[in-house]
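Hi everyone, thanks for coming. I'd like to walk you through a structure that may be new to you, so please have a look at the screen.

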Amino acid sequence: MHEMSIAVSIVDIAVKTAQEAEAQKINAITVELGALAGVVPEALEFCFEAACKETIAEGAKLELIHLPALAKCTSCGFEFETDQFLNVCPECKAQVLAAGGQELQVKSINVD
Ligand SMILES: [Zn+2]
């Protein structure tokens, strides 16, 4: 369950950022999550709650921004959204690798 280590590092980053801003409490953490990041959102949310315990982020809300991955066909140039690494181009049926979609980063935090 690697979501736990991901959740811990998200909370770590947020707590450090909040402390630098001399904030007392974190209300919400916004995280960008790519379609190919290999993270189950429900599992991440569950682990996030646990990771926030006994930190200034306790009770904070996790807001996920879901980013789609784009695939561009090398054969015909057709671009499309996907949630898989390997795709078949809907236009010409060539095999295509997705670009991007692996984002997993803290976008912003809401503090008091
Ligand atoms: Zn194509």
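Let's begin with a question: where is Phe 85 found? Phe 85 sits in the loop between β4, residues 79–82, and β5, residues 86–88. Before I go on, please keep in mind that this is a predicted model.

Now, is Phe 85 buried, exposed or partly exposed? Its relative accessibility is 46%, so Phe 85 counts as partly exposed. Together with Leu 86 and Leu 97, Phe 85 makes a nonpolar surface patch of about 330 Å².

Let's move to the strands. Strand β1 covers residues 26–34 and strand β2 covers residues 61–67; the two run parallel and are joined by seven bridges. To get from β1 to β2, the chain passes through helix α2, residues 41–52, and this β-α-β crossover is right-handed. If you'd like a pair to find on screen, look for Leu 33, which stands opposite His 66 in β2.

Staying with β1, please find Ile 26, which lies in this strand. Ile 26 has a relative accessible area of 0%, and because buried means under 20%, Ile 26 is buried. Which residues does Ile 26 touch, leaving aside those up to four places away in sequence? They are Ala 14, Val 15, Ala 18, Ile 56, Ala 57, Ala 60, Asn 110 and Val 111.

Methods: Residues are numbered from 1 along each chain as its sequence is written. This is a predicted model: local features need pLDDT of at least 70, side-chain atom pairs count only at pLDDT 80 or more; totals for chains, interfaces and linings use all residues. Side-chain values use heavy atoms; hydrogens and water are left out. Patches are made of residues with over 30% relative accessible area and no salt bridge: like charges are joined within 9 Å, nonpolar side chains (Val, Leu, Ile, Met, Phe, Trp, Tyr) within 5 Å. Accessible areas come from the Shrake-Rupley method with a 1.4 Å probe; for residues, only the protein chains shown count as cover. A salt bridge is a side-chain nitrogen of Lys or Arg within 4 Å of a carboxyl oxygen of Asp or Glu. Helices (H or I, at least four residues) and strands (E, at least two) are DSSP runs, numbered from the N terminus. Buried means under 20% relative accessible area, exposed over 50%, partly exposed in between (1.4 Å probe, protein chains only). Two strands pair if DSSP finds at least two bridges between them. A crossover is right-handed if, with the strands pointing away from the viewer, the path from the first strand over the helix to the second runs clockwise. Contact means heavy atoms within 4.5 Å.
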